[in-house]
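Please read it with the structure open.

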Amino acid sequence: MKKFIILLFALVLAVGLAACGGSQEPEEPQEPPVVEEPSEEPEEPAEEPEEPEEKTAEVVLHFANNEYVETGDEQYDRMLTETQTVSYDDEMSLEEAVVRALIDGPEDDENLSTGFPETVELISVDVMDGTAFVDFAGEGLNGGSMQESYIISQTVESLGELGSVQRVQFLVDSQEGVSLMGHISIEDPIEVTMD
């Protein structure tokens, strides 16, 4: 009888538990909420180095008068001027741009020409206390006395038009030299003489 009471008690307990639990499925354990990492802001691209700001200037350039060169007739002016617009920036001074424009030659090539040979190479133009130091590579400096005379005159007079240059010291391979092409002395600075 004891066995029967224990068995009955176990059955009542089992039914009671089943009735209390109902048909609920066991709850799944809750996953911790996903915490979103703050999104990293995209890195700004590295700033590219700024291009030097290009400037322009209208300049007066001195070129050989073709009529004088062809005839040697003193009734013609030895040099004539031409106004050009040149570009320069922080890496190239206005003075250097002027000399490079002289090397490139005139726009009016029917009446004007440059004394600079195609082989000439300009190294730099630096201005200090009114003196422009115009430095050419020695290798490309070849020509006669008239050509040398025009290179010197064109450079001195054209740079003199800027107002920032009172004299020009020519250099060959970054050294003071005796002459550009063997005919005219460049040992001392050449003064600008504006008519």
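Predicted model: local features only at pLDDT ≥ 70, side-chain atom pairs only at ≥ 80, totals over all residues.

How many residues has helix α4, and how far does helix α4 reach from its first C-alpha to its last?

1. Helix α4 covers residues 145-160 and has 16 residues. From its first C-alpha to its last it reaches 22 Å, close to the 22 Å expected at 1.5 Å a residue. Of its 16 residues, 13 are buried, so α4 is largely enclosed by the rest of the structure.

2. One residue of the largest nonpolar core to look at is Leu159, which is among the members that touch the most other members. Leaving aside neighbours within four places in sequence, Leu159 is in contact with Glu95, Val98, Val99, Ala132, Val134, Val165 and Val168. Two residues on that contact list, Val134 and Val168, are also among the core members that touch the most others.

3. The core itself holds 33 residues, and the members with the most contacts to other members are Val134, Phe136, Leu159, Val168, Phe170 and Leu180. Two or more residues come from each of β1 (55-65), β2 (79-88), α3, β4 (122-128), β5 (131-136), α4 and β6 (167-172). Helix α3 gives the largest share, six residues.

4. Is Leu102 buried or exposed? Leu102 lies in helix α3, residues 94-104, and is buried, because its relative accessible area is 0%. Not counting residues up to four places away in sequence, Leu102 touches Leu61, His62, Phe63, Thr114, Phe116, Gln154, Thr155 and Ser158. Take Thr155 from that list: Leu102 and Thr155 are 53 residues apart in sequence, yet their C-alpha atoms are 7.5 Å apart in space.

5. The aromatic pairs come to two. Phe116 and Phe136 form a tilted pair, with 6.0 Å from centre to centre and 50° between the planes. This pair links distant parts of the chain: Phe116 is in the loop between β3 (112-113) and β4, while Phe136 is in strand β5, 20 residues apart. Phe116 has a relative accessible area of 5%, so Phe116 is buried. Phe136, at 0% relative accessibility, counts as buried too.

6. Phe136 also pairs with Phe170, and that pair is stacked, at 6.4 Å centre to centre with 15° between the planes. It again links distant parts of the chain, with Phe136 in strand β5 and Phe170 in strand β6, 34 residues apart. Both Phe136 and Phe170 are buried. Through these ring pairs, Phe116, Phe136 and Phe170 are linked into a cluster.

7. A charge over a ring should be noted separately. The charged end of Arg78 sits over the ring of Tyr150, 4.3 Å from the ring centre.

8. What is the order of the strands in the open sheet of three strands? The order is β2-β1-β3, and the pairing is antiparallel. The edge strands are β2 and β3, each of which pairs on one side only. Between β1 and β3 the antiparallel pairing runs over two bridges.

Definitions and conventions:
Residues numbered from 1 in each chain as written. Heavy atoms only, no water. Helix = DSSP H or I, 4+ residues; strand = E, 2+ residues; numbered from the N terminus. Buried < 20%, exposed > 50% of the residue type's maximum accessible area, 1.4 Å probe, protein only. Contact = heavy atoms within 4.5 Å. Expected span 1.5 Å × (residues − 1). Core = buried A, V, L, I, M, F, W, Y, C linked by side-chain atoms within 4.5 Å. Phe/Tyr/Trp six-rings, centres within 6.5 Å; stacked < 30°, edge-to-face > 60°. Lys NZ or Arg CZ within 6 Å of the ring centre and 35° of its normal. Pairing = 2+ DSSP bridges.
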